[in-house]
Amino acid sequence: MKSVTKAYRPISWPMKGAGGDTGSWRVHRPVVDPKICSKCQICWVYCPEAVIDRKEITIDYRYCKGCGVCATECPTGAISMEKEE
Amino acid sequence: MTTSIKQLPDIEQVLSGNGACGGCPATMALRIVGKALGSNAIMLLTPSCSVASMGMTPKLGYNWPCINICFATAGSSASGISHALEIMQEKGRLQGELPTVFCWAGDGGTYDIGFQALSAAAERNDNMIFFCYNNEAYSNTGVQRSGATPRGSFTTTTPTGKRQPKKNMALLMLEHNIPYVATATVAYPGDLYDKVVKAKNTPGMKYIEILAPCYLGWQFNMPETVQMSRKAVRSGSWLLWEAENGKISFNNPSAHIISGKKKAEPVDEYLMKQGRFSRLLKGSDAAQRIAEIQGDIDREIAFMRERAKITI
Ligand SMILES: Cc1ncc(C[n+]2csc(CCOP(=O)(O)OP(=O)(O)O)c2C)c(N)n1
Ligand code: SF4
Ligand code: SF4
Ligand code: SF4
Ligand SMILES: [Mg+2]
């Protein structure tokens, strides 16, 4: 039997962006107001996409899907969902 | 004490930019599970949203060795792997701590199609954690009814609302006499984390079921995944409990509902937020059908309260 090269084996490797640059799915962009944010990390824990930095509370927009869960759960109202251009 | 948000470890096993819908409860839950299990684990998945969410070859959205297996075989495949690992260790071909073998299956892959293999693995008390993320339907194929779909819910195969109640799957697993069973949901990440840590440190068969409110199947607004999860618990539609060696204890806020310290919220408000119940709520027999749903919840609460009293 002919040997199968690595490229043709049905094997995948862990990598960010396995679903593409999912930031392009976004209709609304979550924007954090650092003046209001208390750094409670609630947005970080609920973000399904793991795109929020838990210390800085900054968002990786390359992959953030704009689901709005962070803004809904934020107890201080520090995150606003702004329409993408 | 439940682990607080700030105490949760940094490790991320769900990688950004995977293929799940925005606001997906399955990835939300899996992220927390990853923090508890760490990287030394092997994941088995049956056909589901979580498989579709892995992304496209040659990339993989989860940071574990993942095996996609046939729908009916999660329990038996995990048994095989778990035994193989033990034998490899015995023969000295594997050093160090054995990886945690875990299944990550939907409610279809657990309540229905995967039930036989799961039941058999539980009866053998094989060493694994079986997770069911329960979005109460076959979501990946367009939302068909499953054994976990609650009474009254619209799916594409129950166009006038399901007429039967759901199974109590976690209770069925408890009655397999396995060392650990727990229920959880995404709104309570510390509770979920602690349960997974407990399961990881318990030898034998462990079953953890996570209620996963899916905006697409349940028809609510995408940002409200966590809100819906909280409402499910507060209305008593979903009870948080765990059982170590058959002894049940309830976790807050369900513990208050069970003890009677706090009343469960009426189910109407929870139902009204979800499009999958809207046809039922508009029908001429709405009052009667809501009463049936409330009846299912009340019966479950009463039953679990009494079941928990059996501690032998
Ligand atoms: C034997 C078999 N039957 C049917 C399918 C088609 N199928 C793929 S995913 C899926 C739904 C799975 O439902 P569930 O386990 O609840 O996971 P969810 O999609 O809800 O995450 C079905 C029916 C299949 N892949 N294999
Ligand atoms: S939830 Fe709100 S207040 Fe808390 S860290 Fe996030 S943005 Fe800041
Ligand atoms: S919008 Fe969704 S994906 Fe983006 S940061 Fe908020 S919770 Fe995460
Ligand atoms: S359909 Fe529901 S469970 Fe499936 S990926 Fe989308 S949000 Fe997640
Ligand atoms: Mg499902």
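In this predicted model, 14 residues line the second largest cavity, and C37(A), S38(A), C40(A), C43(A) and C74(A) lie nearest its centre. The largest cavity has 16 lining residues. In chain B, strand 4 (residues 100-106) is mostly covered.

**Second largest cavity**
- The second largest cavity holds about 90 Å³ of space.
- Its lining has ten nonpolar, three polar and one charged residues.

**Largest cavity**
- The volume of the largest cavity is about 130 Å³.
- Nearest its centre lie C47(A), C64(A), K65(A), G66(A) and C67(A).
- Ten nonpolar residues line the largest cavity, along with four polar and two charged ones.
- Two cavities of 30 Å³ or more are counted.

**Strand 4 of chain B: burial**
- Seven of the seven residues in strand 4 of chain B are buried.
- Both faces of strand 4 are covered.
- One side carries T100(B), F102(B), W104(B) and G106(B), all buried.

**Strand 4 of chain B: pairing**
- Strand 4 of chain B runs parallel to strand 1 (residues 41-45) of chain B, and five bridges join them.
- C103(B) in strand 4 is the bridge partner of L44(B).
- Strand 4 of chain B also runs parallel to strand 5 (residues 128-134) of chain B, again with five bridges.
- Y133(B) in strand 5 is the bridge partner of G106(B).

How values were computed. Residues numbered from 1 in each chain as written. Chains lettered and ligands numbered in written order. Predicted model: local features only at pLDDT ≥ 70, side-chain atom pairs only at ≥ 80, totals over all residues. Heavy atoms only, no water. 1 Å grid on protein atoms, 1.4 Å probe; cavity = no way out; pocket = protein on both sides within 12 Å on 5 of 7 lines; lining within 4 Å. Points joined across faces, edges and corners; volume = space filled by probe spheres on them. Nonpolar A, V, L, I, M, F, W, Y, C, P; charged D, E, K, R; others polar. Buried < 20%, exposed > 50% of the residue type's maximum accessible area, 1.4 Å probe, protein only. Helix = DSSP H or I, 4+ residues; strand = E, 2+ residues; numbered from the N terminus. Pairing = 2+ DSSP bridges.
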